[in-house]
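My notes are below, in the order in which I checked things.

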Amino acid sequence: DPERFAALPEPSGPFTVGAASRLIWSQGLDLLVGAVRRLHAAGRDVRLRIAGAPDPDNPESVSEQTCAQWAATPGVSLLGRVSDMSAFWAEAHVGCFPTRGGEGLPRALLEAAACARALIVTNTPGCIDFVRTEREGLITPSQNVDALADAIAALMDTPADRARMGANARARVLSGYTE
């Protein structure tokens with residue numbers, strides 16, 4: 001709903017990546033946490049906010065121990081279930097969907113796009129049906145921590161490109177991806 005997910009100005013403060021999904025292994029959040037670790041090790045000030053909770057009925061669910069390890073990573077915040085996703089995207093500079101595949105087009109990706117956020121996705125069906133390289137965001141190979149870190153750094157360093165891609169992402173949602 002483009003009325004509920006309006007274009008938002010970027011937040012102030014440290015560069016923040018938003019990710020929203022169930023905490024299951026196929027979503028690739030472990031790869032994203034690894035990318036943030038690498039960026040921090042390289043001296044980059046980046047934050048990662050993850051909206052979502054484990055899915056204990058799913059055999060792919062991330063364990064509470066893994067969640068605790070991720071939360072202990074500098075710059076990483078696990079928020080649990082978030083009811084106001086527009087407010088969540090207001091706190092992120094970009095949306096990242098590092099999925100390993102098997103789910104189609106994530107609704108959260110469309111919500112981030114509607115909020116005019118540039119997108120980082122993996123080369124998986126669904127994600128690449130929406131994101132076009134350098135238009136709505138950046139596409140990385142699946143299961144590649146280095147490529148995710150490089151994509152995050154690229155968008156950190158190019159605010160004009162980020163703004164252009166975010167505007168394109170919103171326009172793409174409005175062109176036929178609404179309820």
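Leaving aside neighbours within four places in sequence, I find Thr 99 in contact (heavy atoms within 4.5 Å) with Ser 26, Gln 27, Gly 28, Thr 122, Thr 124, Cys 127 and Ser 142. I note at once that this is a predicted model, in which local features need pLDDT of at least 70 and side-chain atom pairs count only at pLDDT 80 or more, while totals for chains, interfaces and linings use all residues. Residues are numbered from 1 along each chain as its sequence is written, and side-chain values use heavy atoms, with hydrogens and water left out.

Thr 99 is found in the loop between strand 4 and helix 4; helices (H or I, at least four residues) and strands (E, at least two) are DSSP runs, numbered from the N terminus. Is Thr 99 buried or exposed? Its relative accessible area is 2%, so I count Thr 99 as buried, a word that means under 20%, whereas exposed means over 50% and partly exposed lies in between (1.4 Å probe, protein chains only). A polar atom of the Thr 99 side chain lies 2.9 Å from the backbone nitrogen of Gly 101.

Entry 2, strand 4. I looked at both faces of strand 4 and found them covered, with Val 94 and Cys 96 buried on one side and Gly 95 and Phe 97 buried on the other. Strand 4 (residues 94-97) pairs with strand 1 (residues 15-20) in the parallel sense over two bridges, where pairing requires that DSSP finds at least two bridges between the strands. Gly 18 stands opposite Gly 95 in strand 4. With strand 5, strand 4 pairs in the parallel sense over four bridges, and Val 94 has Ala 118 in strand 5 as its bridge partner.

Which residues of helix 4 are buried? I list Ala 108, Leu 109, Leu 110, Glu 111, Ala 112, Ala 113 and Ala 114, which is seven of the eight residues in the helix. These buried residues pack against strand 1, helix 3 (85-90), strand 4, strand 5, helix 5 (127-130) and helix 7. After helix 4 comes Ala 116, whose phi is positive, near 70°.

Strand 4, helix 4 and strand 5 make a right-handed β-α-β unit; right-handed means that, with the strands pointing away from the viewer, the path from the first strand over the helix to the second runs clockwise.

What is the strand order? I read an open sheet of six strands in the order 3-2-1-4-5-6, with parallel pairing. Its edge strands are strand 3 (76-80) and strand 6 (137-140), each of which pairs on one side only.

I count seven helices and six strands, which follow the pattern β-α-β-α-β-α-β-α-β-α-β-α-α along the sequence. Buried residues make up 51% of the 179 residues. Among contacts with a separation of 6 or more, 72% come from residues 24 or more positions apart. Along its principal axes, the C-alpha trace spans about 40 × 40 × 30 Å.

Methods. Polar contact = N/O pair within 3.5 Å; in protein donor to acceptor, adjacent residues only side chain to side chain.
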